[in-house]
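Student: I have a model open on my screen and would like to learn how to read its contacts. Could you walk me through it?

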Amino acid sequence: MRLRNIPGAKEEMLKNPFIVQEPETHRGRWNEVYPNRQPLEIEIGCGKGRFLSELALRNPDINYLGIEKFSSVLLRALEKRAEMECTNLYYLRFDAEELENIFDKGEIGKIYLNFSDPWPKARHHKRRLTSREFLARYQKILAPGGVVEFKTDNTGLFDFSLEEAESAGWEILAVTRDLHRNPEMNAGNIMTEYEEKFSLLGNRICKLIMRPGKEDGKGTL
Ligand code: SAM
C-alpha cells in the first residue's frame, strides 16, 4: 500500500483542511474538532480511505477519524474527502503506537482495523495492530461497551489475533472466516480497497468483533 516519493505529500499534510494538526492538543477534547458532539470512531491504517468515506456518509451522527502512517497513501484519501459533502470525517497522519498520547480514557466508541499489515517475522509480531501490545492501548481509549472490528484475508494473522484476544482477556462477540457468505455479518459491509482486491483473487475474508474484558457485560452491539 505504501506509495513512495509522491512530491508534495508531506507539505499537503500541513495545509490540508481535513488533516488534524497537533493531535496531542485534542486529547480528551476530540469533539471540539467536529461541529457536532457525537460518538467518535477511528480506523487505524485507513490507507486510501474508501471504507471510511462510505461509512461517514452512511452515518452522519458519528464522527470519524482515519489514522494512517504514510502521507503518500493518505493523499489519496484526502482527494476523496475533498469531493465529499460532510462534516464528520477528518484524517490524521500518525503512528498508532502513540495512540495514548492523543486519546483520553474512554474517548473512542469503536476501532476499525482493515487488512492490517501482517508483519510475518516473529520478532515483529508486536507491531501487528491486533497484538496484545496494541490491544492494551485500545483497552485504555475505548468507551465502556466499545468494540474493535477487524477484517483480513490473512488466516495466519487472523488466528494470531484470536489468540492474542484470548490471552488479553478480550471477549469475541462475533467471528466468521467467510464474511461474504455470512449474511448476518456481511449485512451493510463496506468493502475496503484490499478487501476488493483479495476477494477478487478468490481469498475468503475473515472478520471478528471483540471487546475488552469478559466480565463487563454491557456491550452495545
Ligand atoms: N485499510 C486499507 C484497506 O483495507 O484497503 C489499507 C490496508 S494496508 C495493507 C495497511 C495500512 O495500514 C497501510 O496504509 C499502512 O501504512 C497502515 N499502517 C500500518 N501500521 C500502522 C500504524 N502503526 N499506524 C498507522 N497506520 C498504519
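Tutor: Happy to! Let's start at the ligand: one of its nitrogen atoms lies 2.9 Å from a backbone N or O atom of Asn114. Keep in mind that this is a predicted model.

Student: Which side chains have an N or O atom facing a nitrogen or an oxygen atom of the ligand?

Tutor: Asp95 is one of them, with a side-chain N or O atom 3.0 Å from a nitrogen atom of the ligand. Thr192 is another: an N or O atom in its side chain is 2.7 Å from a ligand oxygen atom. As for cover, the ligand taken alone exposes 600 Å², and the protein buries 96% of that.

Student: Which residues come nearest to the ligand, and where does the ligand sit?

Tutor: There are 17 residues around the ligand, and those that come nearest are Gly45, Glu68, Asn114, Thr192 and Tyr194. The ligand sits in the largest pocket.

Student: Now to charged pairs. What is the general idea, and how many salt bridges are there?

Tutor: Side chains of opposite charge can pair when their charged atoms come close. Here the count comes to 17 salt bridges. One of them joins Glu12 and Lys15, whose closest N and O atoms are 3.7 Å apart.

Student: How are Glu12 and Lys15 placed in helix 1?

Tutor: Helix 1 covers residues 9-15, and because the two are three residues apart in it, about one helical turn separates them. Glu12 is partly exposed, at 22% relative accessible area, while Lys15 is exposed, at 63%.

Student: Which residue forms a salt bridge with Arg27?

Tutor: That is Asp104, and the closest N and O atoms of the pair are 3.7 Å apart. Arg27 is partly exposed at 38% relative accessibility, and Asp104 is partly exposed at 31%.

Student: What about Lys140 and Glu100?

Tutor: They form a salt bridge too, with their closest N and O atoms 3.0 Å apart. Lys140 is in helix 5 and Glu100 in helix 4, so this pair links distant parts of the chain, 40 residues apart. Lys140 counts as partly exposed, with 47% relative accessibility, and Glu100 does as well, with 25%.

Student: Which residues are joined with these two into one network?

Tutor: Salt bridges with shared partners put Arg137 into one network with Glu100 and Lys140.

How values were computed. Residues are numbered from 1 along each chain as its sequence is written. This is a predicted model: local features need pLDDT of at least 70, side-chain atom pairs count only at pLDDT 80 or more; totals for chains, interfaces and linings use all residues. Side-chain values use heavy atoms; hydrogens and water are left out. A salt bridge is a side-chain nitrogen of Lys or Arg within 4 Å of a carboxyl oxygen of Asp or Glu. Helices (H or I, at least four residues) and strands (E, at least two) are DSSP runs, numbered from the N terminus. Buried means under 20% relative accessible area, exposed over 50%, partly exposed in between (1.4 Å probe, protein chains only). A residue is near a molecule or strand if one of its heavy atoms lies within 4 Å of it. A polar contact is a pair of N or O atoms within 3.5 Å; within protein, one must be able to donate a hydrogen and the other to accept it, and residues adjacent in sequence count only if both atoms are side-chain atoms. Accessible areas come from the Shrake-Rupley method with a 1.4 Å probe; for residues, only the protein chains shown count as cover. On a 1 Å grid over the protein atoms alone, a cavity is a set of points where a 1.4 Å probe fits but cannot get out, and a pocket is an open set with protein on both sides within 12 Å along at least five of seven lines; lining residues have an atom within 4 Å of a point. A molecule sits in a cavity or pocket if more than half of its atoms lie within 2 Å of its grid points.
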